[in-house]
Amino acid sequence: MSDPALLAIRGLRTWFTTRQGVVKAVDGVDLDVLPGECLGVVGESGSGKTATFLSVLGLVKPPGRIEAGQIIFGGRDLAQLPAAELRALRGRDIAITMQDALTALNPALTVGEQIVETIRAHDRGVAGPAAARARAVELLRLVGMPEPERRLGDYPHQFSGGMRQRVMITIALSCRPKLLIADEPTTALDVTIQAQVLDLIATMRRQLGMSVVLISHNLGVVAEYCDRVALMYAGQVVESGPTRAVIAAPRHPYTQGLLRSMPLLSDPDRPIRPIAGQVPDLIDLPEECRFLPRCPHAADACRHDIRLLPAGAGRWARCVRIAA
Amino acid sequence: MSVQAVEARAPAKAATDAVAQPVESIFIANLRDFRRNRLAVASVAMVGLFALMAIFAPYLAPHDPYASDLFRRLQPPAWLDGGEWAYPMGCDGLGRDILSRAIYGARVSMTIGVAVMMVAAMAGMIAGLAAGYLRGWTDIAISRVVDVLLGFPYLILAIGLMAAMGPGLGNIVLALAIKEWVLPCRVARAETLAAREMEYVEAARALGASRLHIMLREILPNILSPLIVVCTMRMAWIIIMEASLSFLGLGVQPPVPSWGSMVADGRQFLIGAWWVSTLPGVMILLLVLAINLASQGLRDAFDPRMRT
Amino acid sequence: MSPLGVVERLLQLVPVLLGISIVVFFMMALTPGDPVELMLGDARATDEQRQSLRHDMGLDRPMHERFLVFLRNAATGEFGMSFHHRRPVRQVILERLPATIELTLAALVIALVVGIGLGVLAAVRRDSWIDRLSTVTALVGVSMPGFWFGILLILLFAVTLGALPVSGRIGYEGEVPFVTGLLLVDTLVASKFASFFDALRHLLLPAVTLGLAMAALLMRVTRSAMLEALAQDYVTFAEAKGISRARILFRHALKNALIPTVTVAAIETGTLLGGNMIVETVFGWPGLGRLVVEGIFTRNYPLVQAAVLLYAVIYVLLNLCADLLYATLNPRVRS
């Protein structure tokens, strides 16, 4: 992993203590986000993608807790940062858009207020209400909202799904963050609007020179928009590397299985084979490869603690077969 | 489509049986949930205690609740100076034993509470079932009456009716039940509206069951548990209303002891003999609190939708 | 809600108000006892005088005609003579109304401040001692009959501590010139600050008594509504924006939590009307509630009839307010 990372996550463990047991939603995640890059984070639901990045923002709620690990951003460990400093950083340096703008935007407040309050929270005193409003209008125009002045006074339910997503992106980008975490930005949208929103995020990344983490369960989307990709499985990163290289020659059996389970535009006749078995229960996991029960290459060596190993230029994989 | 529909309805009897089975076991699971809630069980025991007190009042009361002894006027409770254990809660302005009167007072509260609840539950259930299942004019007519009754503040309507009808146990029940049935009616109506679209009802309809049969045998058993929950919750309110009417002198007439009128009678002795007025109020508080806790437990166990 | 929606909602009230009038009319028309005898009281009268009185009161006409007359009179606020006071019912009621309004408003303020305040606090400090304490207090609050609570307050603050007056509205009433009828306002208008504090001292216990049950209920509603709001995605997103905790609590969460709370509050204000009778009786508060209770014992039927109708109409209007408030607070209903 190269050093000048914008965000470096090391050994992150975020656990949820429930009545049934400890759910290890994030269990030893190592990840780097480089300046200006777009990193795709891919995994099934429950693989720990969202929990990882909520941990970065310090937004994991009880019974969830960051048990161990470092989150280095701008030379500081966010996991140790006092709440007030973390709050000052949220929205200003690191911003997030959530899966569904309909539930993420407050139904009782106008979108104007929701944009302006973000600007004013981080520009304390500098931007008066009028200046913040002007900036909100400018930002809305930037994301392609027609008649931005008029729509500032509207409530979220008065917007279409795509426009709501744009409002949420506007809020996230309102303070020109260094890092945008886009959590499944397209799942709640119609197919036709998905590409528009993804293109918008890509454009804004170039304009603002920020890094983007694109969380998705869709490897196809990530292949199109991301420089690098990290695959997560059962709370761990199983493989990471440049998107093209990973897709061309996946090293981890899970990545291989995932690719085989997807239809390819280049070869529509290729048979689709889903990965056999199920995602393991995240309670009481044994200290062995998480993918072991579903892996076609399962062997005795997989029963020991499996680490992320270097697997070629800028690539890592969590599999014993790499070392061999 | 239609062929499929007919086919789907053919094993209707089997379907209703399959539905009936889990209902029973859910009920038992609910009951287990409820028994695990210790506070709720204790509250039910408390309500039971009050019921026993009401039923066996003549055996439990140490003295005649009507016998006044002028030498014992305003005698303090046993734990105060001048009190004695023969009259644990002291005596009222006419020298009557407060404990004995409080025990007899449970009769009034429990009788009226249960009677109003039963009348209201029955009337509301029938009206709600009819409105929800028959729809049309029945629904409109019942809903209009409900709207009008909802236009009156509870106590105002009860007081107006008591003024018009005059005192008496039956009149109190009537004055309270006349508005009380509205809530069970609304619950029953809403539940019936939902239930009439269920498969087991459609199955019964397809089998040619009569409307009365469907309402009483198919829908009623399935809307009972929210109704019971609502009605037990309301009993606490009814008891407070009865006490309020009695406090205003519009309830049970003297010398019959009622907690509300005992509090009212004691007001004139607040300076010097606080127990005459306050102790009967403790009884109201305990009973109402117990009913509230018990019904909360019932609600949590039987109607997860209403959980707070 | 659009102006048209408000008009539509008002029109829906017509059948309800008509139904209420029917109930109130027959409630009193079917009451045993001859109104003429009651009107006359102890005064002696010849049969002829009785007949002419009967005719004047319209009692010799058929029931449906009497109802129509009642409706017309009710619409104009004309309810005949109060038997007991020998003055128009309207006049007697209007005299007593300000006292009741003042008491109800004070109770409402107490209930809103205490109920919503404690509810928010309990939700924010969930499972802390303050949450448990206020939950238990709320439970006891709704389980306590108002009149008994009032008596406990009198015992503690008036009898034992001697800190507050037992009954009445003010010590030296005659000195306050009539402006609104609300003593707290009138004393301030007249700059009589000693009288203001005297009125406040008189108002405190009755208002607390009247507001208790509503405060308890509001606390429960606010708490669960706040907990629900705080668990929503928009709160997480607001936190991710880096805005202050206070803003998240009071602007994002509370604005949503207030929607059910205010609706319940508007409806419950109607319940305060019923509680008036109890509290005014306990504290000797010279308002409409006590007037009605006295009216029942003196069989002053025109007065009781008018008051019951008035209470019902106010109650219906409050329910309308609840609907309108709900629509105003909830943007999703508004448009």
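Student: Which residues of α12(B) are buried?

Tutor: This is a predicted model, in which local features need pLDDT of at least 70 and side-chain atom pairs count only at pLDDT 80 or more, while totals for chains, interfaces and linings use all residues. Residues are numbered from 1 along each chain as its sequence is written; chains are lettered from A, and ligands numbered from 1, in the order in which they are written. A residue is buried if 20 or more other C-beta atoms, placed from the backbone, lie within 10 Å of its own, exposed if 12 or fewer, and partly exposed in between. By that rule, the buried residues of α12(B) are Trp259(B), Gly260(B), Ser261(B), Met262(B), Val263(B), Ala264(B), Asp265(B) and Gly266(B).

Student: Why is helix α12 of chain B largely enclosed, and what do its buried residues pack against?

Tutor: Helices (H or I, at least four residues) and strands (E, at least two) are DSSP runs, numbered from the N terminus. Eight of the eight residues of α12(B), residues 259–266, are buried, so the rest of the structure largely encloses this helix.

Student: How many residues does each of chains B and C give to their contact, and how does the side of chain B divide by class?

Tutor: Two residues are in contact if their C-beta atoms, placed from the backbone, lie within 7 Å. Chain B gives 35 residues and chain C gives 39. On chain B, α6 (136–150), α7 (154–165), α11 (211–247) and α13 (275–302) each give two or more. With Ala, Val, Leu, Ile, Met, Phe, Trp, Tyr, Cys and Pro counted as nonpolar, Asp, Glu, Lys and Arg as charged, and the others, Gly among them, as polar, the side of chain B divides into 24 nonpolar, eight polar and three charged.

Student: Which element of chain A gives the largest share of the side that touches chain C?

Tutor: In this contact, 25 residues of chain A meet 19 residues of chain C. The elements of chain A that give two or more residues are α2 (83–89), α3 (101–104) and α4 (111–122). The largest share, four residues, comes from α4(A).

Student: Which element supplies the largest share of the side of domain 1 of chain A that touches domain 2 of chain A?

Tutor: An automatic or database domain assignment sets the bounds, and chain A is divided into domain 1 (7–93 + 177–323) and domain 2 (99–176). Their C-alpha centres lie 29 Å apart, and each domain gives 18 residues to the contact. On the domain 1 side, β7 (179–183) and α8 (191–208) each supply at least two residues. The largest share, seven residues, comes from α8(A).

Student: Is Asp127(C), with its positive phi, buried or exposed?

Tutor: Asp127(C) has phi near 65°, a positive value in a residue other than glycine. Its place is in the loop between α5 (89–124) and α6 (129–143) of chain C. With 8 other C-beta atoms within 10 Å, Asp127(C) is exposed.
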